[in-house]
Amino acid sequence: PPARLMAQRAACASSRAYGGGVRRRRAAPLRSGAARGAGARHTSMGRRCLCRVCAAPGGDEVSMTLEKPLGLVLEQVEDRVIVTGLQAGNAAQSGMVQLGDQIVAVGDVRVTADAIPPEAVAKASYMDWAVQFIGQQPKKDCRITVKRADGVGVALEVEPKQGGQPLQIPGLAPGIGLQTYLEANPGLEGTGIAFMCGSSSCGTCACDVLEGADLLSTADDGEEDTLYRIGAGADARLMCNASVVAVKGTVRIKPMERE
């Protein structure tokens, strides 16, 4: 019944379900037509690490047992639940979870499109089910299985505004915004790229796309308006609004020169 489902959702968002230090927040929805998702983010934070890892039957899947809280930031991209961020938590400390990983199972329950029946998806999103199942896992033995984004071959190359060695970021997964990968890289500060509004309105993160523009999502009206307002060229994009939509190739960018 709906009332019971709502109670389950409330339980999975509680501190007890995650072992403390949980926040649940909304993220800007993905804007590319091929990568629309629920646009919801779930964040949990923690300190101590406990990890056991083993290969999963899927070949490119890895199963691990972690102690909560995990510190994962998840977003739904179409029918997949994707790791788009790693905060202070046991998943990051273990080194076993990577940006772009897809959560395919929690415990013994698969959370992929072919495993969750349509009537269940009609009641709650894939994201909701994944988070609920994580909340039901034991605090010291939270078992998740991820599908690696390895083999997703889009590479991002950033030419620093002041010259120097380009920043190389390999393995960008389709549907995840460039901002996620850039902010997760410690070399971002030296490139001259900065983020402020995160909503395509300030133009701070504008870059010229020197190569691979066709590998990126299409700019929406809000981005186009901002680029026009700041006097950007035809090849410019806002990094807070662009995501990869291809599975291989190279995207080369450089921070836009502004007066």
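In the predicted model, strand β4 (residues 61-66) has six of its six residues buried, so the strand is largely enclosed by the rest of the structure. In a regular strand the side chains alternate between the two faces of the sheet. Both faces of β4 are covered, with E61, S63 and T65 buried on one side and V62, M64 and L66 buried on the other. The strand pairs with β9 (residues 142-147) in the antiparallel sense, over six bridges. Within this pairing, E61 stands opposite K147 of β9. C142, with a relative accessibility of 1%, counts as buried.

Helix α5 (residues 126-136) is likewise largely enclosed by the rest of the structure, because ten of its eleven residues are buried. These buried residues are Y126, M127, D128, W129, A130, V131, Q132, F133, I134 and G135. An α-helix has 3.6 residues a turn, so residues three or four places apart point the same way.

At the level of the whole protein chain, seven helices and 14 strands are assigned. Of its 259 residues, 49% count as buried. Among contacts in the chain with a separation of 6 or more, 66% are accounted for by residues 24 or more positions apart. The accessible surface of the chain comes to about 12,400 Å², and carbon and sulfur atoms contribute 51% of that area.

The largest nonpolar core comprises 35 residues, of which L182 and I253 touch the most other members. At least two residues of this core are supplied by each of β10 (153-158), β11 (167-172), α6 (178-184), β12 (206-211), β13 (236-238) and β14 (248-255). Because domain 1 (60-150) and domain 2 (153-255) both give residues to the core, it lies between them. Another core, of 26 residues, lies apart from this one and has I116, Y126, M127 and V146 among its members.

Beyond its neighbours within four places in sequence, I253 is in contact with L156, E157, V158, E159, I193, C207, D208, V209, L210 and M239. In β14, I253 is the bridge partner of V209. Strands β12 and β14 pair in the antiparallel sense over four bridges. Strand β12 also pairs with β13 in the antiparallel sense, over three bridges, and C207 has R237 of β13 as its bridge partner.

Residue L167 is found in strand β11 and counts as buried, at 13% relative accessibility. Leaving aside neighbours within four places in sequence, the contacts of L167 are with L156, E157, V158, N185, G187, L188 and T191. L167 and G190, separated by 23 residues in sequence, have C-alpha atoms 8.7 Å apart.

Strand β6 (residues 80-86) contains V83, which counts as buried at 0% relative accessibility. With neighbours within four places in sequence set aside, V83 is in contact with L72, V73, L74, V97, Q98, L99, G100, D101, I103 and I176. The C-alpha atoms of V83 and G100 are 5.4 Å apart in space, although the two residues are 17 positions apart in sequence.

The cysteines were also examined for covalent pairing. A disulfide is a covalent bond between the sulfur atoms of two cysteines. With a cut-off of 2.5 Å between sulfur atoms, the count comes to zero disulfides. C240 is buried, with a relative accessible area of 13%. The cysteine sulfur closest to that of C240 is in C205, at 3.7 Å, which is too far for a bond.

Several backbone features were identified in loops. Most residues other than glycine have a negative phi, and most peptide bonds are trans. The peptide bond from K68 to P69 is cis, with omega near 0°, and P69 lies in the loop between β4 and β5 (72-77). In the loop between β5 and β6, E78 has a positive phi, near 55°, in a residue other than glycine. E78 counts as partly exposed, at 42% relative accessibility. A positive phi, near 65°, also occurs at S200, a residue other than glycine. S200 is found in the loop between α6 and β12 and is buried, with a relative accessible area of 4%.

How values were computed: Residues numbered from 1 in each chain as written. Predicted model: local features only at pLDDT ≥ 70, side-chain atom pairs only at ≥ 80, totals over all residues. Heavy atoms only, no water. Core = buried A, V, L, I, M, F, W, Y, C linked by side-chain atoms within 4.5 Å. Buried < 20%, exposed > 50% of the residue type's maximum accessible area, 1.4 Å probe, protein only. Domains from an automatic or database assignment. Contact = heavy atoms within 4.5 Å. Areas by Shrake-Rupley, 256 points an atom, 1.4 Å probe, with all protein chains shown as cover. Pairing = 2+ DSSP bridges.
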